[in-house]
Each structure stands twice: as structure tokens, then as C-alpha cells.
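I opened this model to look up its helices, its core and its salt bridges. My entries follow in the order I made them.

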Amino acid sequence: MLSLLYQEGPSTKGIFRRSGSAKTFKELKEKLDSGTEVDLACESIFVTASLFKDFLRNIPGSILSSQLCDKWVSVLDQGNNEEKIKSIQRLIEQLPRANVVLLRYIFGVLHGIEMRSEENQMNAFNLSICIAPSLLWPPVSSTPDIESEFIKKISSLVQFLIENCCRIFGDEITSLFGEI
């Protein structure tokens, strides 16, 4: 999924914003959940993007770890950008290795899409609005007002992560997919 999103996302207007066919999404999700091999290259990139966001939402405790939720949300309240980046790197070090590897690939894809935002209309802000709710959620449910405020904060964090991903994850993030 990430490879397809890396290839097609930068040239796809509204990637992650538009959803594909609900019927196709449901059929593919059932196939993937049952272990059936699926050729996503034959499907709409919007369905692939929806499947990927669904996959992220189903990671137990979220990819950024709901246990670290308060720390993630407070990162942007810290001093200058350097301090924020250092805090983010310290939080990333507390995540399981598999989460860190997946995050690097996710932000490699998001960076590639953002670099061509003139073409796809998905700048870091737009991407963060679409993807942030799939990356982190509070450990306990809350009121709609509190949840709305949380989503705004986590979206700002994800926007910062996209805009600074090379400094956070290293410059090699731009070449994780090699020459596809």
C-alpha cells in the first residue's frame, strides 16, 4: 500500500481526502483480513488510501502510542523548533521498533506527496487533517468538544512532523522506497 501511495500519491489530486468506492473498500478489506492476496495496483488509489488509513486506525493503541498521548499533544507547546524536534525524537525512541519503521515509511510517503502539493493540492496542513486521526487517539473516550480540540492539536503535530520529517527521521527518508 505504501509503495503504491508513494508512486501515485504525489500526482493524485486530493489523495487521502477523497474516498474510493465503499463497496470495493469493503470487499478488499475482507480479502486482506482473511489473508487473501490482493493486487492493489488494479484498484483505485483512493481505495488504497482509505484501506491504509483504516489499517492505521486498527493498530492497537495507535502507531504513536496512546500511552504517550499527553506527551505528543504537548510537544508543540515547547520552545523553538529545535526543542520540538528533540522532544519528538525522544518520544519516537520510546515507541516499539515496528512502529518507528512504519512511521518512517509513512512520513516518507507524506513528504513525497507534500513536495508536489502544487499538483495534488495536498500540502502538509491538508495531509495532516486527513491522516492525523488515524495516527493517534486518546486512551479513553471523551466528549465531542474535547475530541475536536484533540484532533486540532494532533493535526498541528502531524503537520509539524511532515514539514520537518527530514530533520526528525533523517534525510534518507526521501529515498526509503529506492528507485520505484
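This is a predicted model: local features need pLDDT of at least 70, side-chain atom pairs count only at pLDDT 80 or more; totals for chains, interfaces and linings use all residues.

I count a contact when heavy atoms lie within 4.5 Å. I take helices as DSSP runs of H or I with at least four residues, and strands as E runs of at least two, numbered from the N terminus. Residues are numbered from 1 along each chain as its sequence is written, and side-chain values use heavy atoms, with hydrogens and water left out.

**Entry: helix α9**

I checked the length of α9, residues 144-163. I took the expected span of a helix as 1.5 Å times one less than its number of residues. For the 20 residues of α9 that gives 28 Å, and the end C-alpha atoms are 28 Å apart, which agrees.

Next I asked which residues of α9 are buried. I call a residue buried under 20% relative accessible area, exposed over 50%, and partly exposed in between, with a 1.4 Å probe and protein chains only. The buried residues are F150, I154, S155, L157, V158, F160, L161 and I162. They pack against α4 (69-74), α5 (81-93), α6 (97-115), α8 (124-135) and α10 (165-169).

I turned to α6. Its 19 residues reach 27 Å from first C-alpha to last, close to the 27 Å expected at 1.5 Å a residue. Of these 19 residues, 14 are buried, so α6 is largely enclosed by the rest of the structure.

I then looked up the largest nonpolar core. By a nonpolar core I mean a set of buried Ala, Val, Leu, Ile, Met, Phe, Trp, Tyr and Cys residues joined through side-chain atoms within 4.5 Å. The largest one has 56 residues, and F16, W72, I106 and F107 have the most contacts inside it. Helices α1, α3, α4, α5, α6, α8, α9 and α10 each supply at least two residues of this core. Helix α6 gives the most, with 8 residues.

What does F107 touch, not counting residues up to four places away in sequence? I found L135, V158, L161, I162, C165, F169 and I173. Of these, V158, L161 and I162 are among the buried residues of α9.

I picked V47, in helix α3 (residues 45-57). V47 counts as buried at 1% relative accessibility. Leaving aside neighbours within four places in sequence, V47 is in contact with G20, S21, T24, F25 and L28.

I then picked S134, in helix α8. S134 also counts as buried, at 1% relative accessibility. Not counting residues up to four places away in sequence, S134 touches K53, L56 and R57.

**Entry: salt bridges**

How many salt bridges does the structure hold? I found 7. I required a side-chain nitrogen of Lys or Arg within 4 Å of a carboxyl oxygen of Asp or Glu.

E82 and R167 meet in a salt bridge at 1.8 Å, N to O. E82 lies in α5 and R167 in α10, so the pair ties together parts that are 85 residues apart in sequence. E82 is partly exposed at 40% relative accessibility, and R167 is partly exposed at 42%.

R104 forms a salt bridge with E172, with the closest N and O atoms 3.2 Å apart. R104 lies in α6 and E172 in the segment after α10, so this pair ties together parts 68 residues apart in sequence. E172 is partly exposed, with a relative accessible area of 42%.

Salt bridges that share partners join K29, D33 and D54 into one network. In the bridge between K29 and D33, the closest N and O atoms are 3.3 Å apart. Why are K29 and D33 separated by about one helical turn? They are 4 residues apart in helix α2 (residues 22-34). An α-helix has 3.6 residues a turn, so residues three or four places apart point the same way. K29 is partly exposed at 24%, whereas D33 is exposed at 57%.
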